[in-house]
Amino acid sequence: MVGVLVRLKLRVLRNSLKGRQIAGMLVGGVFGLLGAAGTLALAIVPIHGPQVTVDLLTSVYAVWVLGWVLAPVATGGGDDTLRPEHFALLPIGRRKLAVGLLAASFVGVAAVVSLLAFLGLFVYGLRLGVGAAVVGLVFTVLQLAFAVLLYRVVMAALGALLTSRKGKELGVVLVALTGLSGVALNYALNSLGPAIVNGQMPGFVGVVHALPSGWGTLAVRAAGDGSWGTAFGLLAAMVALLAVLVAAWGALLTKRVTSPSFSGTSRTRVKAPGTRTRRSILPATPVGAVARKELWTWRRDARRRVALLSTLIVGLVVAVVPTLSGGGHPVLVPYLGIAVVFFACMQSGNLYGFDGSSLWHTLIVPGAERADVRGRQLAWALIIAPVALLLAAVLPGALGKPGAYPWVLGLVPALLGAGAGVLMLQSVFLAFPLPDQRRSSSPWSSGGRPGCARLLMMFATMLLMGVGVLPVLALGVVGALADLPVLQWIGVPAGVATGLLLAWWWGGIAQRRLVSHGPELLATVSKER
């Protein structure tokens, strides 16, 4: 089964990768190789003694392992080129299928780059002797297997939780904890490096050493010191942990294949005679109807919930990590609302990909394109605006940075309007298909090949939203240079006006594109479903 699934994945990749996918894979590979080169350099160059090298390598490998888990959270998907649903009708045992899919997971740029990084264990072992080098080579393979298996198990578990109504709240907590742990380890990488070198963080180093990601480094060091009992004990513990993860993933695969994609039940309330109908704030128009439908979809669709969670987590990481790295001064935290709007636009910019073939309902209704585009813009703004505006109104004052108010209160409305327009431009120009949730119960599933499309979305978001904030930035900079606070506050109504203008303008472009290329868009988002 291992050989069959590996050859199957290679054949699928060979026949499906095209220009954009190859470009995205090359860009990701270059950044990954830079990280792997830095890790190997850390293993080669001695830094203030052998113990400091062990501490730094252990911390860096913890970041590598957690990166396997955090990457799907940040990007909204993972590598699902071969999905368990493809093998649901075949007589394959769950452990055999789990092992085969695990082996196929090593086929890819991410696994190759991670293998190069984990080869730092072998390189570090060469400095300590032949026996330590052999132990490092063995743990190179085991650490890579642990990272891939942990990624698979965590994503499968979170996917099972987030597709269940009852487990939704617990899934939200787990995803939030995953993001906060990423913040902590990024803080370790950026801020605690000098403290680790100087021996000022023994408690943190002890915790990182206790994690399975650090067992390889400890085993190599033990073998170099002649403590073979410790080295073999860590080796046995790692093998046992991998066996437990394989068994857990096999059970999760069975549940994923045999369980329906939505385990909740539809609840319809029967109103008593004479009961007043609750009035909605949305207008009783086609635009209001689409917005209402979108609000319910964002609430119920597990994949969209994942996108929103990723928005908050990535925004928190971007705003908090530089603050921690800067010695505790809240430099970027007052601007967290801006980061939330930006990443909410980037993570949500594939609305028609989320909907798939249901786009045909819109295309067969004459003139429905305008209501569909404007309703989606309105619903997205109603979801993101309360969070962003609350952060913009509270954080500068709470952190003692009142001077940030003109900037934040001007940039957030401008970005909300620009984001509502960019959202629809991405959805009609850069849409890509996602697996059908009726056949893939994991909300993290992304089809295995959206990397380049997401990269293009990121660049498009940065470029277009950068254009949207130019008036506010110009007023703020001129006001700061000329010492005219009034001019900075003029940026607030300017941001509101700019946001409304860009939402209307770019939404109109998306509407015309949907009218002229609707059938082509339907063909694109209906692939692989």
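Tutor: We begin with the elements: helices (H or I, at least four residues) and strands (E, at least two) are DSSP runs, numbered from the N terminus. By that rule the protein has 22 helices and zero strands. The model is predicted, so local features need pLDDT of at least 70 and side-chain atom pairs count only at pLDDT 80 or more, while totals for chains, interfaces and linings use all residues. Residues are numbered from 1 along each chain as its sequence is written, and side-chain values use heavy atoms, with hydrogens and water left out.

Student: What is the mean pLDDT of the protein, and what does the term express?

Tutor: pLDDT is the predictor's confidence in each residue, from 0 to 100. The mean for the protein is 77, and 72% of its residues reach 70 or more. Over residues 325–329 the value stays under 50, and the model gives this stretch four contacts beyond four places in sequence. Residues 446–452 also have pLDDT below 50, with 26 contacts beyond near neighbours in sequence. Contact here means heavy atoms within 4.5 Å. Where pLDDT is low, the predicted coordinates should not be read in detail.

Student: Why is Gln-143 called buried?

Tutor: Buried means under 20% relative accessible area, exposed over 50%, and partly exposed in between (1.4 Å probe, protein chains only). Gln-143 has 0% relative accessibility, so Gln-143 counts as buried. Gln-143 sits in helix α7 (residues 130–162). Beyond four places in sequence, its contacts include Phe-118, Leu-121, Pro-212 and Met-238. Of the 529 residues of the protein, 49% count as buried.

Student: Why does Gln-347 count as buried?

Tutor: The relative accessible area of Gln-347 is 8%, so this residue is buried. Gln-347 belongs to helix α15 (residues 336–348). From Gln-347 to Leu-308 the C-alpha distance is 7.5 Å, although 39 residues separate the two in sequence. Leu-308 itself lies in helix α14 (residues 302–325) and, apart from neighbours within four places in sequence, touches Trp-298, Ile-383 and Ile-384.

Student: Is Asp-483 buried or exposed, and where does Asp-483 lie?

Tutor: Asp-483 is exposed because its relative accessible area is 62%. Asp-483 lies in the loop between α21 (470–481) and α22. Its phi is near 55 degrees, a positive value in a residue other than glycine. Most residues other than glycine have a negative phi.

Student: What makes a set of residues a nonpolar core?

Tutor: A nonpolar core is a set of buried Ala, Val, Leu, Ile, Met, Phe, Trp, Tyr and Cys residues joined through side-chain atoms within 4.5 Å. The largest such core has 55 residues, and Trp-64, Leu-101, Phe-139 and Trp-249 touch the most other members. Its largest share, 15 residues, comes from α7. A second, separate core of 46 residues includes Ile-384, Leu-411, Leu-416 and Met-424.

Student: What does helix α22 span, and where does α22 bend?

Tutor: Helix α22 (residues 485–525) spans only 49 Å between its end C-alpha atoms, whereas a straight helix of 41 residues would span 60 Å. A bend of about 80 degrees lies at His-517 in α22, and a proline, Pro-519, follows within four residues.

Technical notes. The expected span of a helix is 1.5 Å times one less than its number of residues. The bend at a residue is the angle between axes fitted to the seven residues ending there and the seven starting there.
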